[in-house]
Amino acid sequence: MALSKVNFNSLNLTPTASKTVVFNSNNNGIEAGDVGGAMTLISTQTASSSSTISFTSGIDSTYKEYIFKFINMHPATDDVEFSFNGSIDGGSNYNVTKTTTFIRAYHDEADSAAALQYDTSDDLAQSTSYQTLGGSVGNDNDQCCSGTLHLFDPSSTTFVKHFTASFNNYINTDFSIASYITGYFNNTNDIDAISFKFSSGNIDSGTIKLYGVS
């Protein structure tokens, strides 16, 4: 439920005996606008031995933010990177210049290794390459990666296009790796298509959902 008005003049912030904060109901407050947004499902794609999954429609000026949800992306090949790239020509080419950062935390099943680190091997500096979202994903039957990618105002022709992502990967050597990726497409053309793939081999299975945020 969205909140449309905050009544600053009538807030009683004095704790009561029960240590709660009481709000009274006068109606002469300050407009705050919507502080929550609705997510609208635009499309769903399910992999089945797919070389790539690409979204070539639905990313336009309708929304200022788009969210991709990745559910159990399982590779056909062991120890591969799950990655993405953008297009400014409707998906004819996925080669938009980007600069990114990549932080990861890991812990193994044997409880013998754990760390939080900046990963220089998976960041990009003015590169047109695919950006890694989840690294070293294993192809055992129970191994996969899942996560979320946010893309902000992709249709802007004024600003670069920022994105943030968070992933968890079950990798080939039985580690849990949490990855946090941020960056921007360094291009003021509109980003109108996004492609996802593993660095080698097919996407054996998995589901990607695209949402618009209003």
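Is Q126 buried, partly exposed or exposed? Q126 is partly exposed, at 46% relative accessibility. On this scale, buried means under 20% relative accessible area, exposed means over 50%, and partly exposed is in between, with a 1.4 Å probe and protein chains only. Q126 sits in the loop between β10 and β11. Its phi is near 50°, a positive value in a residue other than glycine. Most residues other than glycine have a negative phi. D111 also has a positive phi, of about 60°, and is not a glycine. D111 is in the loop between β9 and β10. At 59% relative accessibility, D111 counts as exposed.

Now some ground rules. This is a predicted model, where local features need pLDDT of at least 70, side-chain atom pairs count only at pLDDT 80 or more, and totals for chains, interfaces and linings use all residues. Residues are numbered from 1 along each chain as its sequence is written, and side-chain values use heavy atoms, with hydrogens and water left out.

Next, the overall picture. The chain has 16 strands and zero helices. Both are DSSP runs numbered from the N terminus: helices are H or I with at least four residues, strands are E with at least two. Of the 214 residues, 37% count as buried. The accessible surface is about 11,000 Å², and 49% of that belongs to carbon and sulfur atoms. Those areas come from the Shrake-Rupley method with a 1.4 Å probe; for residues, only the protein chains shown count as cover.

What about contacts, meaning heavy atoms within 4.5 Å? Take those in the chain with a separation of 6 or more: residues 24 or more positions apart account for 73% of them.

Then, confidence. pLDDT is the predictor's confidence in each residue, from 0 to 100. The chain averages 89, and 83% of the residues score at least 70. Over residues 1–11, pLDDT stays under 50; the model has 28 contacts for them beyond four places in sequence. Residues 13–34 are also below 50, with 34 contacts beyond near neighbours in sequence. Where pLDDT is low, the predicted coordinates should not be read in detail.

On to salt bridges. A salt bridge is a side-chain nitrogen of Lys or Arg within 4 Å of a carboxyl oxygen of Asp or Glu. How many does the whole structure hold? The search finds two.

One joins the side chains of D153 and K64, at 3.5 Å, N to O. This pair links distant parts of the chain, 89 residues apart. D153 is in the loop between β12 and β13, and K64 is in the loop between β6 and β7. D153 is partly exposed at 23%, while K64 is exposed at 59%.

The other joins D119 and R104, at 3.8 Å, N to O. D119 lies in the loop between β10 and β11, and R104 in strand β9, so the pair ties together parts that are 15 residues apart in sequence. D119 is buried at 8%. R104 is partly exposed at 22%.

R104 leads us to S179, as the two are in contact. S179 is in strand β14, residues 175–185. It counts as buried, at 1% relative accessibility. Beyond its neighbours within four places, S179 also touches F102, L133 and N169, among others. L133 is 46 residues away along the chain, yet the C-alpha atoms of S179 and L133 are separated by 7.1 Å. With N169, the side chain of S179 makes a polar contact of 3.4 Å. A polar contact is a pair of N or O atoms within 3.5 Å; within protein, one must be able to donate a hydrogen and the other to accept it, and residues adjacent in sequence count only if both atoms are side-chain atoms.

Another serine: S87, in strand β8, residues 80–87. S87 is buried, at 0%. Its side chain reaches the backbone oxygen of N93 at 2.8 Å.

Last stop, the surface. Which residues make the nonpolar patch of about 430 Å²? I103, L116, Y118 and Y180 make it. Patch residues have over 30% relative accessible area and no salt bridge; like charges are joined within 9 Å, and nonpolar side chains (Val, Leu, Ile, Met, Phe, Trp, Tyr) within 5 Å. L116 lies in strand β10, residues 114–118. L116 is exposed, at 65%.

Note on methods. Contact = heavy atoms within 4.5 Å.
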